[in-house]
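Please read them with the structure open.

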Amino acid sequence: MLAIEPSDVEIVVNNETKTGETLEPDILRQLPFVNMFRGSANYIANHRNTLAVYHIPGGLLDLPDPNVFRDLMNDIALTWLLGMKIVIVVGCRHQIEKRLGLPNESQGLRITDEDTLRIVKEEAGYVRFEVERQLARSLRVQGAAQAIDGNVVSGNFFSAQPFGILDGTDYQFTGFVRRVEVDKIKQLHSNRDICLLTTLGVSPSGECFNVNSECLAASVAGALQASKIIYFTEKDMELRHKVHQNKIQSLRLSDARGLLDFYGMKCDKRGFVTLGDEANTSDENTRDMLLRIGWGMQALTQGVKRAHIISPKFGAVLQELYTRDGSGTLVSGDLYEGIRRATVHDVAGIHELIMPLIQLGTLVDRPKATLENDVDTYYVLTRDNHVVACGQLKLYQGGYAEIGCLVVSQEYRSRGRGDAMLGYLERLALMNGCSSIFVLSTQTMEWFLERGFDSAKVGQLPTARQESYNYRRNSKIYIKKIESQRDLDASELWWNR
């Protein structure tokens, strides 16, 4: 009954009828899915086999709309299905405060007595079970039950020790991370399992201690040398520039440190939090955001590449990880540390660095006198007061900038120094209102093509540069369009994994 009659089957060309009339394109061809999926391919490939630590605050489990938490579990399961290795740290502060009210705390840490510890155990068990239940469902929904076997595994994957008595305050059963069982967690990941941790850590003597969940996530990410740590917020929050009113999507470690210093906030690696007057007078949402930035900084100082602060709603984690524009706030290490504007004292070092390439004909000759005259356009990367890389940035009208004389010392090549210098100059150009960056090259064409530059003609250069173009040298021209800082953040993923 369900069979198709062969005589009813017709083979046609999609875009025209028998009479040659053009048919309307199929509605599926108008959907943005294909371009979206193609745009995500590089991100999927880059994140595959990398390790991410997710921090889930307990408040997300009790939101008025239960679909938010359910959808978040679906999204985390999807990142696992796409090849990421996952550790989840789930907190229960919200549940504890619902039962006990405002905490008896000192320096941002709850003082956990014996009765409180009993409640912490109950609530930690609750959030653990809820995450396991929802995530197990999500893994099956994604079709993994038939294709890829994976489980959610929780246990004693870290040990804790007590704070004891500090400045006369007995913290009793409040503790901090003593050791992360790195090998055991890696064994889980080799079996394609997801590791789930609560805030309860056990000491070698068998005592149980309550650990700050955000601090635990940072410690675990650092011990595992995770690619990223992701803190979810309980509300949809972002950083916004007071003057320009634009969303701030990324912070360098130095910028994040300056922001916390402004508010007088400091997060100690064991879990203590110090709040200055500015932070104390701020609203709760501001403090929550600053705390996540602070703990993200702690992870970065321990070797984690990136920290993300993301809303749990609207598939934000997928947007942040697999699209160029992202959705949250990214905090990354100071990849450009050591790069600065050149001075006349650097001219000798720059000349020594570029001379071998000038002799080979790769670079145009730049006498020391010329370097001195143009020194304000040069930038150098130094190590122990020696110039190990340099680059030049020239600004033109119409939003154009030229990057030239990009050279890295032989001893420092293949270490990302060239990419760091290029990225630094690109960010400078963007800050100066330039969205079209071009380079001229006779030898390193492939290097620039691999970094997002496209081949161009002389006529595409700004007028002033067209007039000075050396046709006898016949350099190849490459242009790169940059729309936002997120374009540059995405570029860094490829060389700073």
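**Notes on the predicted model**

1. Phe69 is buried, at a relative accessible area of 5%; buried means under 20% relative accessible area, exposed over 50% and partly exposed in between, with a 1.4 Å probe and protein chains only. Phe69 belongs to helix 2. Helices (H or I, at least four residues) and strands (E, at least two) are DSSP runs, numbered from the N terminus. Apart from neighbours within four places in sequence, the contacts of Phe69 are Ile56, Leu60, Leu61, Glu130, Val131 and Gln134, where contact means heavy atoms within 4.5 Å. The C-alpha atoms of Phe69 and Pro312 are 7.5 Å apart, although 243 residues separate the two along the chain.

2. On the basis of these notes: this is a predicted model, in which local features need pLDDT of at least 70 and side-chain atom pairs count only at pLDDT 80 or more, while totals for chains, interfaces and linings use all residues. Residues are numbered from 1 along each chain as its sequence is written, and side-chain values use heavy atoms, with hydrogens and water left out.

3. For the chain as a whole, the secondary structure comes to 17 helices and 27 strands. Of the 497 residues in the protein chain, 48% are buried. Among contacts between residues at least 6 apart in sequence, 72% join residues at least 24 apart.

4. Angles run from 0 to 180 degrees between N-to-C directions, and axes are lines fitted to C-alpha atoms, for helices over the stretch in contact.

5. Which strands pair with strand 1, and in what sense? Strand 1 (residues 51–56) pairs with strand 13 (residues 228–232) in the parallel sense over four bridges, and with strand 2 (residues 85–90), also in the parallel sense, over six bridges. Towards strand 13, Val53 stands opposite Ile229 and Ala52 opposite Lys228. In strand 2, Val90 is the bridge partner of Ile56.

6. Six of the six residues of strand 1 are buried, so the strand is largely enclosed by the rest of the structure. Leu51, Val53 and His55 point one way, and Ala52, Tyr54 and Ile56 the other way. Strand 1, helix 2 (residues 66–81) and strand 2 form a right-handed β-α-β unit; right-handed means that, with the strands pointing away from the viewer, the path from the first strand over the helix to the second runs clockwise.

7. The largest nonpolar core has 87 residues, and Val53, Tyr54, Ile56, Ile76, Ile229 and Phe232 touch the most other members. Such a core is a set of buried Ala, Val, Leu, Ile, Met, Phe, Trp, Tyr and Cys residues joined through side-chain atoms within 4.5 Å. Leaving aside neighbours within four places in sequence, Phe232 is in contact with several residues, among them Tyr54, Ile56, Leu72, Ile76 and Pro312. A second, separate core of 24 residues includes Leu393, Ile403, Val408 and Leu425.

8. Asn212 sits in the loop between strand 12 (208–211) and helix 7 (213–224). Is Asn212 buried or exposed? Asn212 is buried, with a relative accessible area of 9%. The side chain of Asn212 reaches the backbone nitrogen of Glu214 at 3.0 Å. Beyond neighbours within four places in sequence, Asn212 is in contact with Arg93, Leu109, Gly271 and Trp295.

9. Another open sheet has seven strands in the order 21-22-23-24-25-27-26, again with mixed pairing. Strand 21 (339–341) and strand 26 (454–456) are its edge strands, each pairing on one side only. Strand 22 (residues 378–383) and strand 23 (residues 386–396) run antiparallel and are joined by six bridges, with Ala389 in strand 23 as the bridge partner of Leu381. Helix 12 (residues 347–360) packs on this sheet, touching strand 22, strand 23 and strand 24 (400–408), and its direction makes about 85° with that of strand 23. Helix 14 (residues 417–431) runs at about 160° to strand 24.

How values were computed: Pairing = 2+ DSSP bridges. Polar contact = N/O pair within 3.5 Å; in protein donor to acceptor, adjacent residues only side chain to side chain.
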